[in-house]
Amino acid sequence: VVAAWYALADSGPGRFWPGTRVTFRPRVIVAAALLLALFAVLWFGSLGHGGWWLLFLVLGALMGMLSSLLVFQYGQTRIWFAMSRDRLLPGVFSKVHPRYKTPHWSSWIAGLVVAIPAGLVDIGEAADLRNIGTLFAFVLVAIGVLVLRRRQPDRPRGFKVPFVPLFPILAIVFCGGLMCALPIITWLRFVGWMLIGLGVYKFYGQKRSEFYEGNHPRRQSAGS
């Protein structure tokens, strides 16, 4: 039901970035789920009256999975776009298609990076690695709220988190608890990926970032 409402409410064109436009039509999710569910009709039809209820549940599960995958893929390309715009990643990740005005190279790279391992890696291990990464990101966001609220209380904010520091602390505790429940092998892989990411930042993105102190005089001289 949530996926269907999401698809209907978001079926129109939407803005991606100032000066660009992307048509996002999640009604495709509903159509794809219906198409996939049709292949299950023959099998479910042999189960009697209960088969139609199972078919309904499968249809809802397919809509939920397809919408979640679509949102994750869209989100990953936009994260790379923002990081590339801040010069933390190569410029290819922020290149925008001349016609569709979307980060097409990021979309292709994200699709290949997700599709190829999905056919080779155990789904349970991949889910654990995805979960620990997402939970860690939530922990970092909660810590960032606490730090910025204390160090930059007058910073302009489009949205202000209520009940600080209660909500951020609860987020850190609950997400941290879920992370502790994951297997040791997931933690080892997570640390490995973290080291790779820190290496990319240290040897590529740090000195190129617009927030790097050594770049400030250069920007000021260029502006003058």
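I started with R85, which forms a salt bridge (a side-chain nitrogen of Lys or Arg within 4 Å of a carboxyl oxygen of Asp or Glu) with D86, the closest N and O atoms being 3.7 Å apart. This is a predicted model, in which local features need pLDDT of at least 70 and side-chain atom pairs count only at pLDDT 80 or more, while totals for chains, interfaces and linings use all residues. Residues are numbered from 1 along each chain as its sequence is written, and side-chain values use heavy atoms, with hydrogens and water left out.

I looked up the accessibility of this pair (buried is under 20% relative accessible area, exposed over 50%, partly exposed in between; 1.4 Å probe, protein chains only). R85 is partly exposed at 37%, and D86 is buried at 14%.

I searched the whole structure and found two salt bridges. R189 forms one with E125, with 3.4 Å between the closest N and O atoms. R189 lies in helix α8 (residues 184-205) and E125 in helix α6, so the pair ties together parts 64 residues apart in sequence. I took helices as DSSP runs (H or I, at least four residues), numbered from the N terminus. R189 is partly exposed at 32%, as is E125 at 38%.

I checked L135 for contacts (heavy atoms within 4.5 Å). Leaving out residues up to four places away in sequence, L135 touches C175, L178 and M179.

Note on methods. Helix = DSSP H or I, 4+ residues; strand = E, 2+ residues; numbered from the N terminus.
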